[in-house]
Amino acid sequence: MRFHRVETVRRLPHPGRGFTQGLVLDGDVVWESTGQYGQSSLRRYRLGAEVLDWSAPLPDELFGEGICLAGDRLWQLTWKERVALCWAPSREPSATGERPDAEPYTTVRYNREGWGICNAGRWAVTSDGSSELILRDLLTLEPIWTVLVRCEGRRVGGLNDLEWQGGRVWANVGSTACLVGVDLPSGEVLDVVDARAIAAREHAKRDPQSVLNGIAAVPGTDDFLLTGKNWNSIHQVRVVPDRKARRPEKLLGL
């Protein structure tokens, strides 16, 4: 197992300071899913922009969660509602900033709580806040296989927002400011990333929910975008080796 920390490459605006549940970077376009009943949305903006380019609210009874792009569709999970939303959004911002230049979403039945989702090439991979990752059909989200995630023999619970990068699944670990890199065939944690330095700068003491949640790979690099619920900023970070002695059970709350 390898231990890492993050170095900030640049700090960028977080338009709308959303209650981030999912984050995807497509070229220089950011897609973001925000949560909370009565406040959930799907949003789009240019990386580095100060304002949203487009935003579509979800019905009050839906709590938005993770998102991923899959060809000409965008999947958006919901938390406890047992449905996923399938959007067919335009990739290009509206010249006038008007809503909408996207087709209405359709819904599909979903068999678990929705937390995180990423496109792993052949499959969608999803989390539900437990120690399990589910491989799913990219076109239907029907479950195919379940992977149990372990770190040195211990289950890693709280798996949340997901990203696929470098041949492994990277996951936010709920209630921590850490990421894990998971080998999908075995479920073993190969990398632990300590992002506490960034989270400490963004966490609002009067807002206990302002935790790290939101990870997106930066194409053409090994960098990630990291943000959190109601954070002021999006951080482009580079993962670098951490030479200090670390205890994974302490970092990950095992």
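A salt bridge here is a side-chain nitrogen of Lys or Arg within 4 Å of a carboxyl oxygen of Asp or Glu. These close-ups come from a predicted model, where local features need pLDDT of at least 70, side-chain atom pairs count only at pLDDT 80 or more, and totals for chains, interfaces and linings use all residues. Numbering starts from 1 along each chain as its sequence is written, and side-chain values use heavy atoms, leaving out hydrogens and water.

**View A. R2, R168 and D191 are linked in a network of salt bridges.**
The R2 and D191 side chains meet at 3.1 Å, N to O. That pair ties together distant parts of the chain, with R2 in strand β1 (residues 2-13) and D191 in strand β19, 189 residues apart. Strands, by the way, are DSSP runs of E with at least two residues, while helices are runs of H or I with at least four, both numbered from the N terminus. D191 is buried at 1% relative accessible area, whereas R2 is partly exposed at 47%. Buried means under 20% relative accessible area, exposed over 50%, and partly exposed in between (1.4 Å probe, protein chains only).

D194 counts as buried at 10% relative accessibility, and R196 is partly exposed at 42%.

**View C. E202 sits in helix α1 (residues 196-202).**
E202 counts as buried, with 7% relative accessibility. Its side chain makes a polar contact with the side chain of H235 at 2.9 Å; that term means a pair of N or O atoms within 3.5 Å, where within protein one must be able to donate a hydrogen and the other to accept it, and residues adjacent in sequence count only if both atoms are side-chain atoms. Leaving aside neighbours within four places in sequence, E202 is in contact (heavy atoms within 4.5 Å) with R11, S210, W231, N232, S233 and H235.

**View D. The largest nonpolar core has 23 residues.**
Such a core is a set of buried Ala, Val, Leu, Ile, Met, Phe, Trp, Tyr and Cys residues joined through side-chain atoms within 4.5 Å. V125, L133, V169, V180, V189 and L252 touch the most other members. At least two core residues come from each of β12 (132-136), β16 (159-165), β17 (168-173), β18 (178-182) and β19 (189-194). A second, separate core of 15 residues includes I198, I215, A217 and L226.
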